[in-house]
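Subject: Structure handover

Hello,

The structure we discussed is below. My notes on it follow directly after.

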2 protein chains.
Amino acid sequence: MCCNWNSINVSMRQEANGKAQTRIQKEKTAKIYAAALSVFAAQGYRGATLDAIALEAGMSKPNLLYYFESKETIHTALIGKLMETWLDPLRELNDDGEPLDNILDYVKRKLEMSRNYPRESRLFANEILQGAPHIHHLLSGELKQLVEEKSTLIQHWVTAGKIRNVDPVHLIFSIWSLTQHYADFDAQIHAVLGADTDPYPDAEDYLLTLFSRMLQV
Amino acid sequence: MCCNWNSINVSMRQEANGKAQTRIQKEKTAKIYAAALSVFAAQGYRGATLDAIALEAGMSKPNLLYYFESKETIHTALIGKLMETWLDPLRELNDDGEPLDNILDYVKRKLEMSRNYPRESRLFANEILQGAPHIHHLLSGELKQLVEEKSTLIQHWVTAGKIRNVDPVHLIFSIWSLTQHYADFDAQIHAVLGADTDPYPDAEDYLLTLFSRMLQV
DNA sequence: GTCTATAAGGGGATAGAC
DNA sequence: GTCTATCCCCTTATAGAC
């Protein structure tokens, strides 16, 4: 709608990285991110091609490379952008209310993420599976710190007798593993259950039961 | 040791696929399988190159292609060969002894597989993550059938009151997910725990506790 | 059976017109 | 900003000598 001021070429808007962007640039980069997410998630870094990303984004390959220097630049920018969102559910785990409910809510949020954002899940899975070559620093920095922080919180709950004794870090690993499994191994799950079956309702029941029995005092 | 009879060029030995093989052929193909496993597991199908496999196998690329028609042939043969071994732990789940112990033993066997055969785990993970393009038939055939068979067994245990009520198929999924996680997401686990930490002892404690609390009547 | 050389094609990235 | 054309490397696979 109504945007006379965006005829000004050097935009006054700023992106996270601090580079000025016109409206059209923002739209294009958004399309590229969306296309790159689909292609990188489905094919992995090596398997993805600029042709495929350009096709998906509805633009030519040189046009795509006008907005991003290289394939690697797209991948790095994309994964950095998504990492924040990806860790949000864990960040929300806090000390308000009942500890067990908080953990079960975290499980629910993570399972919702797998259901609603399977491409994001597979993007990270692809990356980590191959040794996390592009995000080592994020994992051993931001992620490690967040896990340590939340592990301390969980350990307090154990010590206070609010939940049963449990290794907090492996508890977190198990929540990641079990919830992301439904996105990452989707092909296998549907091969076993049938293509038309929606596994998520039963998965939620199963996982909430599992962690309740594991943790309830 | 002592093998005069293998100077006979047309071997009397047979491989699974029925093709006659000389001793040297068996050694070479074994080397290729070993190299292909390393490279496909680390790089995925697209990321793997014949150069890398040939280097790892200690032979030239044309020599490698003398033994296998194509990259795809190597991958298909390898994954078919490994699938049997990969499903063995689940096949061993049977009705002798205590149900809960049988399931906990299955968890232990699967975790041992992750520890001792992480490349195999990552090979399958890569394949399934990208939609299982090469093994769809194995998943919806052999695997599906095996899961159905073992689910029935587990359901009997539930009905007989030997273990607590649980969805058998999701129980199996969760065992796969949790145990394979330690192989597939190794990079993330070591980023969080530190490169020198061996996660397996704590992982075993955690998982046995988890499934005991989940299933014990 | 194994090698060197090379064909054939895919894919990342750039040049330069518009 | 966007396009067509193109460069060049990497990768799969084959030809043909030894």
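Start with a polar contact in chain B: the backbone oxygen of Pro89(B) lies 3.0 Å from a polar atom of the side chain of Arg109(B). A polar contact here is a pair of N or O atoms within 3.5 Å; within protein, one must be able to donate a hydrogen and the other to accept it, and residues adjacent in sequence count only if both atoms are side-chain atoms.

Ground rules first. This is a predicted model, where local features need pLDDT of at least 70 and side-chain atom pairs count only at pLDDT 80 or more, while totals for chains, interfaces and linings use all residues. Residues are numbered from 1 along each chain as its sequence is written, chains are lettered from A and ligands numbered from 1 in the order in which they are written, and side-chain values use heavy atoms, with hydrogens and water left out.

Arg109(B)

Arg109(B) sits in helix α5 (residues 99-116) of chain B. Helices are DSSP runs (H or I, at least four residues), numbered from the N terminus. Arg109(B) counts as partly exposed because its relative accessibility is 23%. The classes are buried (under 20% relative accessible area), exposed (over 50%) and partly exposed in between, with a 1.4 Å probe and protein chains only. Leaving out residues up to four places away in sequence, Arg109(B) touches Pro89(B), Glu92(B) and Leu93(B). Contact means heavy atoms within 4.5 Å. C-alpha to C-alpha, Arg109(B) is 29 Å from Ala48(B), and the two are 61 residues apart in sequence.

Thr29(A)

Thr29(A) belongs to helix α1 (residues 23-47) of chain A. Thr29(A) counts as buried because its relative accessibility is 7%. Its side chain reaches the backbone oxygen of Gln25(A) at 2.9 Å. Beyond residues up to four places away in sequence, Thr29(A) touches Gln21(A), Tyr67(A) and Phe68(A).

Domains of chain A

Chain A is divided into domain 1 (13-68) and domain 2 (80-215). The bounds come from an automatic or database domain assignment. The C-alpha centres of the two domains lie 28 Å apart. Each domain gives 8 residues to the contact. Together they bury about 680 Å², 71% of it on carbon and sulfur atoms. Buried area is the accessible area (1.4 Å probe) that two parts lose on being put together, summed over both. In domain 1 of chain A, Tyr33(A), Leu37(A) and Ala41(A) lose the most area to domain 2, together 62% of what that side buries.

Chain B against chain A

The contact takes 51 residues from chain B and 51 residues from chain A. The two chains bury about 4,800 Å² between them, 64% of it on carbon and sulfur atoms. Leu129(B), Tyr206(B) and Arg213(B) supply 17% of the area that chain B buries against chain A, more than any other three residues. How many residue pairs are in polar contact between chain B and chain A? The count is 17, with both residues at pLDDT 80 or more. On the side of chain B that touches chain A, α8(B) gives the most, with 12 residues.

Helix α9(B)

In helix α9 (residues 186-193) of chain B, Ala187(B), Gln188(B), Ile189(B), Ala191(B) and Val192(B) are buried. Their cover includes α6 (118-129), α7 (136-159) and α8 (168-184) of chain A, together with α8 (168-184) of chain B. Gly194(B) follows α9(B), with a positive phi near 100°.

Best regards

Note on methods. Helix = DSSP H or I, 4+ residues; strand = E, 2+ residues; numbered from the N terminus.
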